[in-house]
Amino acid sequence: MPDTHRDAKTATLSFGDKTLELPMLTPTAGPDVIDIRKLYSQGGVFTYDPGFTSTASCDSTITYIDGDKGELLHRGYPIDQLAEKSHFLEVCYLLLYGDLPTADQLEDFESRVTSHTMLHEQMQYFFRGFRRDAHPMATMVGVVGAMSAFYHDSTDIHDPWQREVATIRLIAKMPTIAAWAYKYHIGQPFIYPRNDLDYAANFLHMCFAVPAETYNVNPIIARAMDRIFTLHADHEQNASTSTVRLASSSGANPFACIAAGIACLWGPAHGGANQACLEMLREIGSPNRIPEFIERAKDKDDPFRLMGFGHRVYKNFDPRARVMKQSADEVLELLGIENNPTLQVAKELEAIALKDDYFVEKKLYPNVDFYSGIILDAIGFPTSMFTPIFALARTVGWVSQWKEMIADPQLKIGRPRQLYVGATSRDYVDVENR
Ligand code: SDX
């Protein structure tokens, strides 16, 4: 923690016969932070915050979210400006190195990524160990974790050069891994990366080309794909990023830590929501069934939630959802399917939900997952590929946060405590006496 953020202000905490003065830390943006690192040693008590709703796990300079304003900044740059004016590999550079690159820096970075897109040829056989009907996320978790068995020369986290090589390998190879997980899933041959295509076009080519004929990537679709990558790149200390940080705090190698992040992202409350959202929109099927689903979402006794709605941090529109909605309109119009029934249901559902008292009072708005699936479906991806695409894009966020944490000289292993409510000490009872 740089001393520049240590404030003269303190927080006074009184309990029992104790009164503690806890230092306050001042952010460059967002709420002040009470530094409780010495609370247990000085006060003999823990804090309790199971979902980390009020807990800062680290300090970071990468991404800032203002949930009330619906603002998302990457190194200070608003996401809507980056989505409109930048492109994914430039955003990767920004997240990884802290500033927008010069033309020469960008060219060098893009050529390093491009020249690392192939996988070790032996890895093909790792894919073949899965059943064809394995969910591509299962394959990705396994293959990314296995990268530590293939790329030993970039697993020493204390070597800055090896950290940089692992960084480039992960960003460069995730599209190949995701595309090959898809190809294996549908029984088609793997398509090798092509260095003459840009990052998004190369991914689309690896997913949709077949050896039997030439496949030309539609540049408008490639631009939409690139923008989807940008919108998913990083998002502060979300569940999967926190998983990567916690795994990395033990000194585990970067490939194992990113595999842990992929596993966490898979959950329907997190990155799995894009698949769940499109499946929900299809189940709704037509606008006249929307009220039935809205009522289910409000019913405390029904576990159903409106997928793609709500957010731990955003209590306003997710700025990524705004850009995604605009992109959905553009892509579907371009493909001549602007009357796509699923898009119509989504728009009608959004309009009804945003007027409903339940959603208004609980500040539930569409999030990044609400419209993304509609675009991915229109491009030709099955719903099973939605979360792998999220994982592909979020890899740069996970790696950026990992680099930031590993470089922190004050790095400590993450080890939360608990509120223990189980049995107190008692003697063993032999089975004949139970
Ligand atoms: C992502 O953290 C990130 O940054 C994540 C992410 C990223 O980029 O990394 O933004 C990506 O994960 C987006 C979120 C995708 N998930 C979904 O769309 C699934 C549906 N949404 C919910 O499961 C929920 O909104 C969460 C998980 C996203 C947030 O849950 P919280 O913050 O723990 O809030 P909560 O569950 O305590 O909900 C508050 C209230 C509850 O009602 P009460 O108990 O107060 O009466 O709002 C209700 C919830 O029941 N609620 C919903 C709802 N979301 C919350 N009710 C119906 N439908 C919903 N979608």
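Which residue in β6 stands opposite leucine 73? It's proline 78.

Okay, before I go on: what we have here is a predicted model, so local features need pLDDT of at least 70, side-chain atom pairs count only at pLDDT 80 or more, and totals for chains, interfaces and linings use all residues. Residues are numbered from 1 along each chain as its sequence is written, and side-chain values use heavy atoms, with hydrogens and water left out.

Back to the strands. Strand β5, residues 71-74, runs antiparallel to β6, and two bridges join them. Two strands count as paired if DSSP finds at least two bridges between them; the strands themselves are DSSP runs (E, at least two residues), while helices are H or I runs of at least four, all numbered from the N terminus. The whole thing is an open sheet of three strands, ordered β4-β5-β6, with antiparallel pairing. At its edges you find β4 (63-66) and β6 (77-78), each pairing on one side only. In general, strands of a sheet pair through backbone hydrogen bonds, either parallel or antiparallel.

Now, rings. There are 25 aromatic pairs in the structure, where Phe, Tyr and Trp rings (for Trp, the six-membered one) pair if their centres lie within 6.5 Å. One aromatic cluster is made of Phe88, Tyr182, Tyr199, Phe203, Phe208, Tyr215, Phe229 and Phe381.

Last stop: leucine 334, in helix α14, residues 319-334. Is leucine 334 buried, exposed or partly exposed? Partly exposed, because its relative accessibility is 41%; buried would be under 20% and exposed over 50%, using a 1.4 Å probe and protein chains only.

Terms used. Rings of Phe, Tyr and Trp (its six-membered ring) pair if their centres lie within 6.5 Å; planes under 30 degrees apart count as stacked, over 60 as edge-to-face and the rest as tilted.
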